[in-house]
Amino acid sequence: NELPKSTNNITEPEPEPEPEPEPEPEPEPESVGLSKLHTDGTKWVNEANETVIVTMGAPTNAVKGATTVHTATINDDDTAPTVAFSAASQSSGESAGSVTATLQLSSVSGQNVTVPFTVTGTATGGAGNDYTITSSPVVITAGQTSVDVTIAVLGDVIDEPDETVILTIGSPTNATASGTTVHTMTITDDDAAPTVQFAAASQSGGESAGAMTATLSLSAVSGQNVSVPFTVTGTATGGAGNDYTISSSPAVITAGQTSVDVTITVLGDLIDEPNETVILTLGSPTNATASGTTVHTATITDDDSAPTVQFAAASQSGGESAGAMTATVSLSSISAYSVTVPFTVSGTATGGAGNDYTITSSPVVITPGQTSVDVTITVLGDLINEPNETVILTMGSPTNATASGNTVHTAT
C-alpha cells in the first residue's frame with residue numbers, strides 16, 4: 001500500500017549557485033605593421049596617416065543608396081623620431097680601406113627618413129684624391145633605425161698632415177636632427193717624410209755667367225711645405241758691391257713640388273783675382289730629413305786678365321843735394337794678387353854706402369788693392385867735381401802682372 005502523500009508544504013533546499021567563471025586574461029595586442037600596439041589598440045610607430053575604406057556590396061531586400069563607399073582616416077599622433085650620428089668623431093690610417101659614420105634614429109619609424117648631409121674638412125674628396133663617400137642624402141628605410149655613410153680612404157705615399165672629413169646633418173625628412181649632428185673623421189698620415197739634398201755637389205761659372213743655381217731636391221713629393229735652412233761660407237765675399245748675392249735662407253719647397261733653386265747672382269768685376277768659392281751647407285729641414293749631398297760648392301772662376309806694370313816715367317834728374325828720387329812702378333789696374341816686380345840696376349853712378357847712391361832692394365811688391373809702389377834712390381852728395389851720372393832701372397819679369405810700356409827708368 002502506498003503511503004499517503006503529505007499535504008504539508010515541505011521546502012526543498014535550493015541548489016547552490018554555480019561559481020562565476022574567472023575572466024579570461026586580456027590577450028596581448030597583436031603585432032600590427034612594424035611594432036606592437038598600445039593596450040588600447042594604437043601603434044607605437046610614427047607613420048603616415050592611414051585609411052580604412054568600406055565599400056558596400058549588393059544588399060538583400062534593399063537597394064544601395066548614393067554613398068556606397070566610406071573612408072575612415074587614422075591620423076597619426078606619434079612624434080617623429082630624432083636622428084643623430086652615433087659618434088662625434090673617429091680616426092683611421094690611410095691603409096684602413098674604409099670607415100663608416102652611422103646615422104641613428106631615436107626610435108623606429110613607419111616612414112622612410114631621408115637625411116641630407118654636407119661634407120667639409122681638409123681632406124680632398126673624389127677619385128684620385130683622399131677619399132670617396134656615400135652620396136647625400138642617405139635614407140633610413142621604414143622599420144630600420146640606422147644607416148651607414150661609408151668613407152672609402154684612398155691611401156697614397158705622400159707625407160702630409162693628418163686630414164679631416166667633416167659631415168654635417170642638414171634638415172631630415174620625417175625626423176628631426178638632434179644631438180650629435182656633426183661627425184669628424186680624421187685620416188692619419190702614415191707616410192715617412194722625404195729626404196732632401198743638393199742635386200749636385202759642385203759647379204763653376206765665370207764672373208760673366210750672371211747667375212748659378214744650386215738645386216735642392218726631395219726624394220718624393222710631399223703634401224707639406226718643406227723648409228730647408230742653409231749656411232753660406234767660402235772665399236768669395238757676399239753682398240751688394242762684392243762678389244755675389246744669394247737667395248735668403250731658408251729655401252721652401254712648396255707642397256706638391258719636388259725642388260727649389262738657391263740662386264747665386266755673380267757680380268763681375270775687372271779685378272784679376274783667384275777663383276773664389278761659395279759653399280752652401282744644409283741645416284735641419286722642416287718636414288724632411290737632410291741626407292746625401294748636404295754641401296754644395298759653387299766656384300766663381302776669374303776671367304780678368306792680369307794687369308800690366310811699368311815705370312810711371314821713363315826718366316828724371318836731380319842734383320846731388322836732392323836727397324832722394326823715386327821711380328814709381330805702376331799697375332794698369334787694381335789686382336787682388338800681390339804683384340812682385342824685380343828690377344836690375346845699372347848706369348854710370350856707383351851704388352852703395354859711401355858711393356853715389358843707395359836704392360830700394362829688388363823686387364818691390366805692389367800689395368793687393370794697391371796700384372803702385374816706389375823705388376827710392378837716395379842720392380849721396382860729395383864735393384868732387386865729376387860728370388853727371390846715371391842710375392838705370394830695368395824691369396824684369398813680374399809675378400801676377402805683365403811688364404809693358406816703360407820698362408826702363410833712367411835717373412840722372
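This is a predicted model: local features need pLDDT of at least 70, side-chain atom pairs count only at pLDDT 80 or more; totals for chains, interfaces and linings use all residues.
**Exercise 1.** Work out which side chains of strand β14 are buried and which strands pair with β14.

*Solution.* Now look along β14, residues 195–198. Buried here means under 20% relative accessible area.

Next, the neighbours. Strand β23 (residues 289–290) runs parallel to β14, with 2 bridges between them; Thr195 has Thr289 as its bridge partner there. Strand β16 (residues 211–218) runs antiparallel to β14 and is joined to it by 3 bridges. On that side, Val196 sits opposite Leu218.

**Exercise 2.** Find which strands stand at the edges of the open sheet that contains β30 and β34.

*Solution.* Write down the strand order first: β30-β32-β27-β25-β34, 5 strands with mixed pairing. β30 (357–359) and β34 (402–403) each have a single partner strand, so one side of each lacks a neighbour in the sheet, and these are the edges. Then check how β34 is attached: 2 bridges join it to β25 (residues 308–311), and the two run parallel. Thr308 stands opposite Thr402 in that pairing.

**Exercise 3.** Is Val52 buried, partly exposed or exposed, and which patch does Val52 belong to?

*Solution.* Together with Val54 and Ile74, Val52 makes up a nonpolar surface patch with about 260 Å² of accessible area in total.

Definitions and conventions
Residues are numbered from 1 along each chain as its sequence is written. Side-chain values use heavy atoms; hydrogens and water are left out. Patches are made of residues with over 30% relative accessible area and no salt bridge: like charges are joined within 9 Å, nonpolar side chains (Val, Leu, Ile, Met, Phe, Trp, Tyr) within 5 Å. Accessible areas come from the Shrake-Rupley method with a 1.4 Å probe; for residues, only the protein chains shown count as cover. A salt bridge is a side-chain nitrogen of Lys or Arg within 4 Å of a carboxyl oxygen of Asp or Glu. Two strands pair if DSSP finds at least two bridges between them. Helices (H or I, at least four residues) and strands (E, at least two) are DSSP runs, numbered from the N terminus. Buried means under 20% relative accessible area, exposed over 50%, partly exposed in between (1.4 Å probe, protein chains only).
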